[in-house]
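Dear colleague,

Here is the structure I said I would pass on, with notes on what was found in it. Please read them alongside the coordinates.

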Amino acid sequence: MLGDTPARDYGDKLEAFSRFAEPELRALIGELGIAPGMRVLDAGCGVGLVTAWLGDAVGLDLALAHARAARERVADVVVGDIARLPLRDAVFDLVWCANTIHHLPDPLAGVRELLRVLRPGGRVALVQSFLLPEMVFAWDERLEREVIAANRRYYREKYGLSERDVTGMRALVGLLRRAGVADVRARSVLIERIAPLSAADERYFVETVFAGYWGRRVQPYLTAEDWAEVQRLCDPEAPEYALRRPDFHYLQSLSMVVGERT
Ligand SMILES: C[S@@+](CC[C@H](N)C(=O)[O-])C[C@H]1O[C@@H](n2cnc3c(N)ncnc32)[C@H](O)[C@@H]1O
């Protein structure tokens, strides 16, 4: 649905986000009570940073470059499609699947496939960022809304998606319930950063968010004035640079929905 293929490689962005959100990701992982000896699968493991934080987990990804990067960090990485997992039935105690299930053409079938490889009583944890709108320009909600809408339009047009396709990822609770998962629970944390930022967080915003996710992609969907202002806000050399403003305050939600295979 979002154009993932075995040949696609956006490992740099995945690595940057995992490092940026490490405290919050580790907080969610901490809630899962992972004990030594538990068999854990990271489905859609990307470059494997989080897989390594999940204990002795097995990583699985469709993209060859991502799986290759994950193998540098994790002993057991499988190349495969969540829609048809190359794994036996009922072997895992926990499946972690972060920011991945909505990449599948049929997320419900994907969840059912994840359940197939869980033992009865095993748990599935779907993790998703941005269920709530993020806050980037705390002082200018209008401009922030325009930039985020422009970015969404870029992705919708690139992948031929409707608004409903894009927002479908919000329905994680319903997705698990429709798959027949028991004891569904939800837990969200906020990724929150204020000025002054650490050098690593500043680099993440400048390189991954401003240049990588926004950049020229948003220009066609903004007025000339808004585009000029966004460029100034995102430019470390400009006096208006957002990240050195004393009122810089960033918020992003990170949600985990967990349930049990009956
Ligand atoms: C947004 S990334 C998230 C990666 C990782 N979970 C993380 O949090 O960094 C989605 C990942 O799922 C993989 N992926 C997409 N569709 C997949 C599928 N059908 N089966 C397995 N992996 C898939 C992509 O290659 C990518 O690595």
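By class, the shell around the ligand consists of nine nonpolar, eight polar and three charged residues (Ala, Val, Leu, Ile, Met, Phe, Trp, Tyr, Cys and Pro count as nonpolar, Asp, Glu, Lys and Arg as charged, the others, Gly among them, as polar). The ligand is surrounded by 20 residues, the closest being G44, D61, H66, D81 and I82; a residue is near if one of its heavy atoms lies within 4 Å of the molecule.

This is a predicted model, in which local features need pLDDT of at least 70 and side-chain atom pairs pLDDT 80 or more, while totals for chains, interfaces and linings use all residues. Residues are numbered from 1 along each chain as its sequence is written, and side-chain values use heavy atoms, without hydrogens and water.

Oxygen atoms of the ligand lie 2.6 Å from a polar side-chain atom of D61 and 3.3 Å from one of T100. A polar backbone atom of A98 is 2.9 Å from a ligand nitrogen. A polar contact here is a pair of N or O atoms within 3.5 Å. Of the 600 Å² of accessible area that the ligand has on its own, the protein covers 93% (Shrake-Rupley method, 1.4 Å probe).

The protein has 10 helices and seven strands, taken as DSSP runs (H or I, at least four residues; E, at least two). Both α1 (11–20) and β2 (58–61) supply at least two residues of the ligand shell.

Buried residues (under 20% relative accessible area, 1.4 Å probe, protein chains only) make up 49% of the 262 residues.

Regards

Notes. Polar contact = N/O pair within 3.5 Å; in protein donor to acceptor, adjacent residues only side chain to side chain. Buried < 20%, exposed > 50% of the residue type's maximum accessible area, 1.4 Å probe, protein only.
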